[in-house]
Amino acid sequence: MSELFIGFFLGWPAVVVTAILAVIGLLRDNYRFLVAAAIFALPFSWLLSGFPIIRSPVFLLPLLLFASGYFINRGREMIAWLLAVPYFLTIWLLINAVSAQ
């Protein structure tokens, strides 16, 4: 049972759920979806950064989604989209790296 939770929060389901929530939040201009996506992104981004010894700045990726949600809440959609682009590019890079193996 615990392996199921670990797989859900650290594996591909978490990446897919995070990307879907982020896209929904950006398209609907709803910051709640972006905050939920950032919360789902915390575990797997820490895992990708080499947790517990942090070797890369990947653990900061959820901050982009939090900031995007903040700017959506303030009515600045363009800044929110620009902050979300590096997050989506990182997910795209991860998908390409895994599919190339």
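Tutor: Residues are numbered from 1 along each chain as its sequence is written, and side-chain values use heavy atoms, with hydrogens and water left out. In this predicted model, local features need pLDDT of at least 70 and side-chain atom pairs count only at pLDDT 80 or more, while totals for chains, interfaces and linings use all residues.

Student: How do you know where confidence is lowest and where it is highest in the chain?

Tutor: By pLDDT, the predictor's confidence in each residue, from 0 to 100, the mean is lowest in helix α1 (residues 2–10), at 70, and highest in helix α4 (residues 61–73), at 94. The chain has a mean of 87, and 94% of its residues reach 70 or more. Helices here are DSSP runs (H or I, at least four residues), numbered from the N terminus.

Student: Why is W12 called partly exposed?

Tutor: Buried means under 20% relative accessible area and exposed over 50%, with partly exposed in between (1.4 Å probe, protein chains only). W12, in helix α2 (residues 12–28), has a relative accessible area of 38%, and therefore it is partly exposed. W12 also makes a nonpolar surface patch of about 400 Å² with W92, I95 and V98; such patches are made of residues with over 30% relative accessible area and no salt bridge, nonpolar side chains (Val, Leu, Ile, Met, Phe, Trp, Tyr) being joined within 5 Å. A salt bridge is a side-chain nitrogen of Lys or Arg within 4 Å of a carboxyl oxygen of Asp or Glu.

Student: What makes the buried residues of α2 line one face?

Tutor: The buried residues of α2 are A14, V15, T18, A19, L21, A22, G25 and L26. Seen down the axis, they fall within an arc of 165°, so they line one face of the helix; the arc is that of the directions from the helix axis to the C-beta atoms. The face turned away from this buried side carries the exposed residues L27 and R28.

Student: Why is R74 called exposed?

Tutor: R74, in the loop between α4 and α5, has a relative accessible area of 56%, and so R74 is exposed.

Conventions. Helix = DSSP H or I, 4+ residues; strand = E, 2+ residues; numbered from the N terminus. Patch = residues over 30% accessible without salt bridge, like charges linked within 9 Å, V, L, I, M, F, W, Y side chains within 5 Å. Areas by Shrake-Rupley, 256 points an atom, 1.4 Å probe, with all protein chains shown as cover.
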